[in-house]
Amino acid sequence: MGQDHIRYDILAQDALRGVIRKVLTEVAATGRLPGDHHFFITFLTGAPGVRISQHLKAKYAEQMTIVIQHQFWDLKVTETQFEIGLSFSDTPEKLVIPFNAIRGFYDPSVNFELEFDVPLADEDEESAEITAYPLAAAEEPQEPVAAKDGEEDKKPASVVSLDAFRKKH
């Protein structure tokens, strides 16, 4: 097989990060989430551009999962990152999260998940790949921002297969 000079794997990853950007942009414009939608976003706390308080950084040294549901404020979205106000144990915090730092995005209301294999600081950046598949074992957030309204319905998952875009070694 020939060498992928176009880097379809990177193009696919950028396109799927665009889905997250688009969804958050629409939420920022209206100030609320539509219907029962809510998001679990997992990101690397030590990734370049991430800005969180020292307290949160100490508690979540590698990665953190936030829930965007009922209580959030000042959501601002740019081409490369988003910033949001959330409450952790009744303490308001401002977080700045580049899209490239996101490892996972999950909307349990429709069982939609994107998972990105973002390399940790000590991993080889060339090993980064992306997968998108239904949630097998839900990763609970370390500290939920808002309580869920109840059990979510189990619905068929949206599956996006990207195996054809992965770099073959």
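Let me begin with a pair of strands: β1 and strand β2, which covers residues 63–68, pair in the antiparallel sense over six bridges. Before I go further, please keep in mind that what we are looking at is a predicted model. One example of this pairing is isoleucine 41, whose bridge partner in β2 is isoleucine 66. As a reminder for those who are new to this, strands of a sheet pair through backbone hydrogen bonds, and they can do so either parallel or antiparallel.

Now, how many of the residues of β1 are buried? Strand β1, which runs over residues 39–44, is mostly covered, and six of its six residues are buried. In a regular strand the side chains alternate between the two faces of the sheet. In β1 you can follow this in the structure above, where Phe39, Ile41 and Phe43 point one way while Phe40, Thr42 and Leu44 point the other way, and all of them are buried.

Let me step back to the protein as a whole. The protein has two helices and eight strands, and from the N terminus on its elements run α-β-α-β-β-β-β-β-β-β. Of its 169 residues, 41% count as buried.

Another part of the fold is an open sheet of three strands, which has the order β3-β4-β5 and antiparallel pairing. Its edge strands are β3, residues 73–77, and β5, residues 91–98, each of which pairs on one side only. Neighbouring strands of this sheet are turned by 20° against each other on average, if we ignore direction. Looking at one of these pairings, three bridges join β3 to strand β4, residues 81–88, and the two run antiparallel. Within that pairing, tryptophan 73 stands opposite glycine 85 in β4.

I would like to turn to helix α1 next. This helix has 23 residues and reaches 33 Å from its first C-alpha to its last, which is close to the 33 Å expected at 1.5 Å a residue. Which residues of α1 are buried? They are Asp9, Ala12, Gln13, Leu16, Arg17, Ile20, Arg21, Leu24 and Val27. After the helix comes glycine 31, whose phi is positive, near 80°.

Tyrosine 8 also has its place in α1, which spans residues 8–30. Tyrosine 8 counts as partly exposed because its relative accessibility is 40%. Together with Ile6 and Leu11, Tyr8 makes a nonpolar surface patch of about 300 Å².

My last topic is charge. Side chains of opposite charge can pair when their charged atoms come close, and this structure holds five salt bridges.

In one of them, the side chains of arginine 21 and glutamate 79 meet at 3.9 Å, N to O. That pair links distant parts of the chain, with arginine 21 in helix α1 and glutamate 79 in the loop between β3 and β4, 58 residues apart.

A second salt bridge brings together the side chains of lysine 22 and glutamate 26, at 2.9 Å, N to O. Both of these residues lie in helix α1, four residues apart, which is about one turn of the helix. Lysine 22 has a relative accessible area of 51%, so lysine 22 is exposed, while glutamate 26, with 44%, is partly exposed.

Finally, lysine 94 forms a salt bridge with glutamate 83, and the closest N and O atoms are 3.4 Å apart. This pair, too, links distant parts of the chain, for lysine 94 is in strand β5 and glutamate 83 is in strand β4, eleven residues apart. Is lysine 94 buried or exposed? Lysine 94 counts as exposed because its relative accessibility is 52%, whereas glutamate 83, at 15%, counts as buried. Salt bridges that share partners join Lys76, Glu83 and Lys94 into one network.

Methods. Residues numbered from 1 in each chain as written. Predicted model: local features only at pLDDT ≥ 70, side-chain atom pairs only at ≥ 80, totals over all residues. Heavy atoms only, no water. Patch = residues over 30% accessible without salt bridge, like charges linked within 9 Å, V, L, I, M, F, W, Y side chains within 5 Å. Areas by Shrake-Rupley, 256 points an atom, 1.4 Å probe, with all protein chains shown as cover. Salt bridge = Lys/Arg side-chain N within 4 Å of Asp/Glu carboxyl O. Buried < 20%, exposed > 50% of the residue type's maximum accessible area, 1.4 Å probe, protein only. Expected span 1.5 Å × (residues − 1). Pairing = 2+ DSSP bridges. Axes fitted to C-alpha atoms, helices over the stretch in contact; angles between N-to-C directions.
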